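The entries below follow the order in which I took them.

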Amino acid sequence: MKILNAVLGATALAALSLFSASANAQGYPERQITMIVPFAAGGPTDTVTRLVAESMSKDLGQQIIVENVGGAGGTLGAARVANAEADGYTLLLHHIGMATSATLYRKLPYDTLNAFEYVGLVTDVPMTLLARKDMEATDLKGLIEYAKANQDKVTVANAGIGAASHLCGMLFMSAIETSLVTVPYKGTGPAMTDLLGGQVDIMCDQTTNTTKQIQAGTVKAYAVTSPERLDVLKDLPTVREAGLPQMEVGIWHGIYAPKGTPKEAVDKLSKALQVALKDPNVAARFAELGTKPSPEADATPEALKAKLEGEIARWKPVIEAAGQYAD
């Protein structure tokens, strides 16, 4: 009888906890929400996050503050959210690095596919292949020839292992079947500064970080990695047009919550994201940065989960072939 009473008591307690969580989620959100960006302030992902967070705040009726938790290729911020209370008040906005870190880091402190609830996709930012302003090559074909002929000297800057620029640089070297000298920096800003100063030769980074430099003519741009040309950079050919279709890639961004976050809260966040991505101001600012909001069908938990699973499978052989691990 004592055992039966204990079992019944535990069952009742579990049911009460679930009821309480559901009731709380129905009134969600009742206070400020924190959205973690796993990179430094001022970078491309930070810019995207702040635009979306501001618009989502209006729909949710509560402020979403953005907190930057950089380090270890975005895995520190992701781990922070994975270990946070699953109440919907701590979120993560991460880019493609969420998928690539599953291979880059052989000892992650969380299970990439199973440590989070999925909210939805935010945007898919194209990359641009750049070089210092005085680079001898005038087109992508010439740049590839130059890189192959000087592979022990040509330097490729990136914002650190796991950063979008690092991934794009690896994809470039894989596509041209040539290993170049990689130069990691502690962030996008220092990498771009040295490219502008001519201290490094090549860099591949998101349009959210490179468009203004390309328009100003302070760097030499060779191609954009999207399937179509961008309205904001109409004269810049796509990698397919330039003869390197293997370089087609976008730096997609998604929003996550800790595993176990109530479905009611996740659904409200997903709907708020969909509303935000239809915000004319968000669309206009994204356009200035060379990207577009994800369509409503992609701003869903199901679409983000499918994207993450597919991208882990896509990047695993690229990273293993390069042999560049973060641990």
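Which residues does Tyr256 touch, not counting residues up to four places away in sequence? I note first that the model is a predicted one. I listed Leu91, Leu92, His94, Met98, Phe116, Glu117, Tyr118, Val119, Leu304 and Leu308 as the residues that Tyr256 touches, with those up to four places away in sequence left out.

**Entry: the cores.** I looked up the largest nonpolar core next and found that it has 55 residues. Tyr256 is among the members that touch the most other members, together with Phe116, Leu140, Leu143, Phe172 and Met247.

**Entry: strand β4.** I turned to strand β4, which covers residues 116-132. Is it largely enclosed or open? I found 15 of its 17 residues buried, so the rest of the structure largely encloses this strand. I then went through its pairings.

- With β9, strand β4 pairs in the antiparallel sense over 9 bridges. Tyr118 has Tyr256 of β9 as its bridge partner, and Tyr118 is also one of the contacts I listed for Tyr256.
- With β7, strand β4 pairs in the antiparallel sense over 5 bridges. Here the bridge partner of Thr128 is Asp205.
- With β8 (residues 219-224), strand β4 again pairs in the antiparallel sense, over 5 bridges. Thr128 stands opposite Val224 in this strand.

**Entry: the disulfide.** How many disulfides does the structure hold? I found 1. It joins Cys168 to Cys204, and the S to S distance is 1.9 Å. Cys168 belongs to helix α6 (residues 164-176) and Cys204 to strand β7 (residues 202-206), so the pair ties together parts that are 36 residues apart in sequence. Cys168 is buried at a relative accessible area of 2%, and Cys204 is buried at 1%.

**Entry: β1 and β2.** I looked at strand β1 (residues 33-37) and strand β2 (residues 64-68), which pair in the parallel sense over 5 bridges. Val37 has Asn68 in β2 as its bridge partner.

**Entry: Ser57.** I stayed with helix α2, where Ser57 is placed. Ser57 is buried, at a relative accessible area of 13%. With residues up to four places away in sequence not counted, I found that it touches Gln62, Gln63 and Ile64.

**Entry: Thr261.** Where is the place of Thr261? I found it in the loop between β9 (250-258) and α9 (263-276). Thr261 is buried, and its relative accessible area is 5%. Which backbone oxygen does the side chain of Thr261 reach? That of Pro258, at 2.7 Å. Leaving aside neighbours within four places in sequence, I have Thr261 in contact with Ala86, Asp87, Gly88, Glu117 and Val266. Glu117 had already come up as a contact of Tyr256.

Note on methods
Residues numbered from 1 in each chain as written. Predicted model: local features only at pLDDT ≥ 70, side-chain atom pairs only at ≥ 80, totals over all residues. Heavy atoms only, no water. Disulfide = S-S within 2.5 Å. Helix = DSSP H or I, 4+ residues; strand = E, 2+ residues; numbered from the N terminus. Buried < 20%, exposed > 50% of the residue type's maximum accessible area, 1.4 Å probe, protein only. Pairing = 2+ DSSP bridges. Polar contact = N/O pair within 3.5 Å; in protein donor to acceptor, adjacent residues only side chain to side chain. Contact = heavy atoms within 4.5 Å. Core = buried A, V, L, I, M, F, W, Y, C linked by side-chain atoms within 4.5 Å.
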